[in-house]
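This briefing sets out selected features of one structure, grouped by topic. Please read it alongside the sequence and the coordinates.

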Amino acid sequence: GKLAAHAPVPVAVASLESVESRLHDRCYACPFIAAAALMTRFFIDVVPWWHLISPAFVIFVVLPLLYWSTTKRGDWSGWNGLAQSYGVDAWPGDASDLGAPRYCRIRRRDGCAPQKFDQQLRVAASPTELCLRVECCATGMMRPLAVPWRAVRDDGVQSTCGIPLGQLALGDDVFVTLDGAIHAGVLAAKGAV
């Protein structure tokens, strides 16, 4: 008598299976949800999570990807195209430093996404040129630029998240969006020419 009172209560297995089946059918009806579920299943079942923190994964996957993306940054942003025409070994001696923008994005006209250069791009102005230099891990791969004022156009003022921004067009294909104060400094230097 006492054992019968403490026996487990049987669960209706058929009802749980039908609920799971209905959820499965509803979730996989949307291709995006199905793809996300398959990717989640792949990373949980096929790729063990411990690979993501192993030293071998960092050395043989993460570091080469970081190096590769750093080398491609000049191409993706359009910097290398500008460097073919306006690349210099050193800035002109009469260039006055305008600072390093807290917010800076550089993109090609045909590029899919702007490249982030927050506090990595040094901007200066000389009487004849706008001077730009990258100051980060890609320094050796991205030559300093001295773009003549005739190739620098104001592309307007913008704002994002309450931050005033300005955009410059360099040459025909590269756009630089940066802090409003530095943008104003560039326009003042160009106007003084």
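The model described here is predicted. The points below cover a helix, the nonpolar cores, contacts of selected residues, and ring interactions.

**Helix H4**

- Helix H4 comprises 23 residues, spanning residues 55-77. From its first C-alpha to its last it reaches 31 Å, close to the 33 Å expected at 1.5 Å a residue.
- A bend of about 35° occurs in H4 at Thr 71.
- The buried residues of H4 include Thr 70, Arg 73, Gly 74 and Ser 77. An α-helix has 3.6 residues a turn, so residues three or four places apart point the same way.
- Among the elements covering the buried residues of H4 are helix H5 (79-86), strand E2 (104-108), E3 and strand E9 (174-179).

**Nonpolar cores**

- The largest nonpolar core holds 28 residues, of which Trp 79, Ile 106, Leu 121, Leu 130, Leu 132 and Leu 170 touch the most other members.
- Two or more residues of this core come from each of H5, E2, E4, E5, strand E6 (145-148), strand E8 (163-170), E9 and helix H6 (180-191). The element that gives the most is H5, with four residues.
- In soluble globular proteins, nonpolar side chains tend to be buried together.

- Beyond its neighbours within four places in sequence, Leu 121 is in contact with Trp 79, Gly 99, Ala 100, Pro 101, Cys 104, Ile 106, Leu 132, Arg 133, Val 134 and Val 176.
- Val 134 belongs to strand E5 (residues 129-134). Val 134 counts as buried because its relative accessibility is 1%, under the 20% cut-off.
- The C-alpha atoms of Val 134 and Ala 100 are 9.5 Å apart in space, although the two residues are 34 residues apart in sequence.
- His 183 is part of helix H6. With a relative accessible area of 3%, His 183 is buried.
- Residues up to four places away in sequence aside, His 183 touches Asp 154, Gly 156, Val 157, Gly 166, Gln 167, Leu 168 and Leu 178.

**Aromatic rings and charges**

- The model has one aromatic pair. Trp 68 and Trp 76 form this pair, with ring centres 5.4 Å apart and an angle of 75° between the planes. The arrangement is edge-to-face because the angle of 75° is over the 60 degrees required.
- Both members of the pair are partly exposed: Trp 68 has a relative accessibility of 44%, and Trp 76 has a relative accessible area of 34%.
- Arg 105 lies over the face of Tyr 103, 4.1 Å from the ring centre.
- Arg 133 places its charged end over the ring of Trp 91, at 4.2 Å from the centre of that ring.

**Backbone at Gln 119**

- Gln 119 lies in the loop that runs between strand E3 (115-116) and strand E4 (121-125).
- The phi of Gln 119 is near 55°, a positive value in a residue other than glycine. Most residues other than glycine have a negative phi.
- Gln 119 counts as exposed because its relative accessibility is 56%, over the 50% cut-off.

Note on methods:
Residues are numbered from 1 along each chain as its sequence is written. This is a predicted model: local features need pLDDT of at least 70, side-chain atom pairs count only at pLDDT 80 or more; totals for chains, interfaces and linings use all residues. Side-chain values use heavy atoms; hydrogens and water are left out. Rings of Phe, Tyr and Trp (its six-membered ring) pair if their centres lie within 6.5 Å; planes under 30 degrees apart count as stacked, over 60 as edge-to-face and the rest as tilted. Buried means under 20% relative accessible area, exposed over 50%, partly exposed in between (1.4 Å probe, protein chains only). A charge sits over a ring if NZ of Lys or CZ of Arg is within 6 Å of the ring centre and within 35 degrees of the ring normal. The expected span of a helix is 1.5 Å times one less than its number of residues. The bend at a residue is the angle between axes fitted to the seven residues ending there and the seven starting there. Contact means heavy atoms within 4.5 Å. A nonpolar core is a set of buried Ala, Val, Leu, Ile, Met, Phe, Trp, Tyr and Cys residues joined through side-chain atoms within 4.5 Å.
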